[in-house]
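Please keep the sequence and the structure at hand while reading.

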Amino acid sequence: MTVVTRFAPSPTGYLHIGGARTALYNWLYARHHGGVFRLRIEDTDRARSSEDAVRKIIDGLAWFGLDWDEEIVSQFERRERHAEVARKLLAEGKAYHCWCSPAELEAMREQAKAEGKPMRYNGYWRDRDPAEAPKGVDPVIRLKAPQAGETTVEDKVQGPVTVRNDQLDDMVLLRADGTPVYMLSVVVDDIDMGITQIIRGDDHLTNTFRQVQLYNAIGTAPPDFAHIPLIHGPDGAKLSKRHGALGIEAYRDMGYLPAALRNYLLRLGWGHGDEEVIPTEKAIEWFDLDGVGRSPSRLDFVKLENLNGIYMRETPDAELLERITPNLEAALGRSLDDADRAILLLAMNGLKQRAKTLVELADSALFYLRAGPLPINEAAQKILTDDARALLGRLLVALSGLNDWTEAALEAEVNRVAEAEGLKLGKVAQPLRAALTGSNVSPGIFEVAAILGRDETLRRIRDVAGAS
């Protein structure tokens, strides 16, 4: 049997981080088993669905690095097929018409509440003669669910979970206007798409018992279910998919690499021994449901940043340059030219050793590209005292006569000046760093000077040393 999994988001908001992890687990499970991973857009809620949200979900999955097989399925476009199944169940006596009004349903709930019973439909029209139906009222179609016994889900994460059937009511399948309800649409789509494994958040577990009853009524064996614990926020509260700051595009904009985020979300609820850094190819090789825990996970941005830093150091310099180009161009107000790119490629290895996000990387790279005079941050301004500026003036003279403009030669010359001034190297290197970068932190300053080149280095020193 070919494994077929699916990710089925509702386009009523952003692709939140919990949904991204669910998609990842389904994708990994399918790829691990040599199966199929499908994407379905559950857009039956027309009032809250939007094409913009659909596009953001698709774009988010593509940025995240998850590819799907076959065409994307629109649940709304299959509504006639869903209704057809409901009508077939009605014809087979497995469903029935119900003419209860909203007021009658509310009265049932209030009575059940007063009696301390579950607030649910009481089956009023289950066995009643349709001839008694009120005139001019369109009925809904309800599933004739089993009233005795139990429904058990052999969950691949939670273990066996059972509910008494008398705790479940006869759910609506088709509304009075002929439109199918979500629960029916999901089951019919999963059957028609050949889904063999449903991996989703454990907030869907209560729906699963009703869905299993519907599978049984249709006459199709249910797929395997695996309900994974939810992700909680840093404060322990549940994440909300409507919380814009938790949409996957926010993590992109904060400068995280897709591979790092995949690794982080993989480990947020699943483990493989003590392994923390797990490249995608290893994740595909190792992933299975037996490694998924039963307890909720909590987002830890410190861990995510540290992991992202590891991935950045392992990412090719040219790829990093392409990823930060939009940030750089926005900050500079111009496009990068070939000379800019050449400098940044030389500088990238040194820059990426310190940065933990692409945003940090772009910010730290800007000094290489800015036209003078450079903006000087507060910490660097404190370094550039009158004495330090005067020292830079003397260093400028020394460096102007240097013919071998390499890191080693620059370091040797700055060391010579420091010794002549009776200073430790840092007392010269720090003002030099402030002059060349506008900051008190940077990659190795001799590397910086070598990459900037003779003319730009001397110009930047002159800009600072010439001020008083």
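What volume does the second largest pocket have? In this predicted model, the second largest pocket has a volume of about 360 Å³. Of the 19 residues that line the second largest pocket, Asp363, Ser364, Phe367, Ser439 and Val441 are the closest to its centre. Helix α13 (residues 358-369) supplies the largest share of that lining, with six residues. The lining of the second largest pocket divides by residue class as tabulated here.

| Class of lining residue | Number in the second largest pocket |
|---|---|
| Nonpolar | nine residues |
| Polar | six residues |

Turning to the nonpolar cores, the largest one has 98 residues, of which Leu265 and Tyr368 touch the most other members. To this core helix α1 (residues 17-32) gives the most, namely nine residues. Apart from it lies another core, of 31 residues, which includes Leu184, Val188, Ile198 and Tyr215. Tyrosine 368, once its neighbours within four places in sequence are left aside, is in contact with Ile343, Leu344, Ala347, Leu351, Val448, Ile451, Leu452 and Arg460.

Aspartate 189 is placed in helix α5 (residues 182-192), and this aspartate counts as buried because its relative accessibility is 0%, the cut-off for buried being under 20%. Its side chain is joined to that of glutamine 75 by a polar contact of 3.1 Å.

Conventions:
Residues numbered from 1 in each chain as written. Predicted model: local features only at pLDDT ≥ 70, side-chain atom pairs only at ≥ 80, totals over all residues. Heavy atoms only, no water. Helix = DSSP H or I, 4+ residues; strand = E, 2+ residues; numbered from the N terminus. Buried < 20%, exposed > 50% of the residue type's maximum accessible area, 1.4 Å probe, protein only. Polar contact = N/O pair within 3.5 Å; in protein donor to acceptor, adjacent residues only side chain to side chain. Core = buried A, V, L, I, M, F, W, Y, C linked by side-chain atoms within 4.5 Å. Contact = heavy atoms within 4.5 Å. 1 Å grid on protein atoms, 1.4 Å probe; cavity = no way out; pocket = protein on both sides within 12 Å on 5 of 7 lines; lining within 4 Å. Points joined across faces, edges and corners; volume = space filled by probe spheres on them. Nonpolar A, V, L, I, M, F, W, Y, C, P; charged D, E, K, R; others polar.
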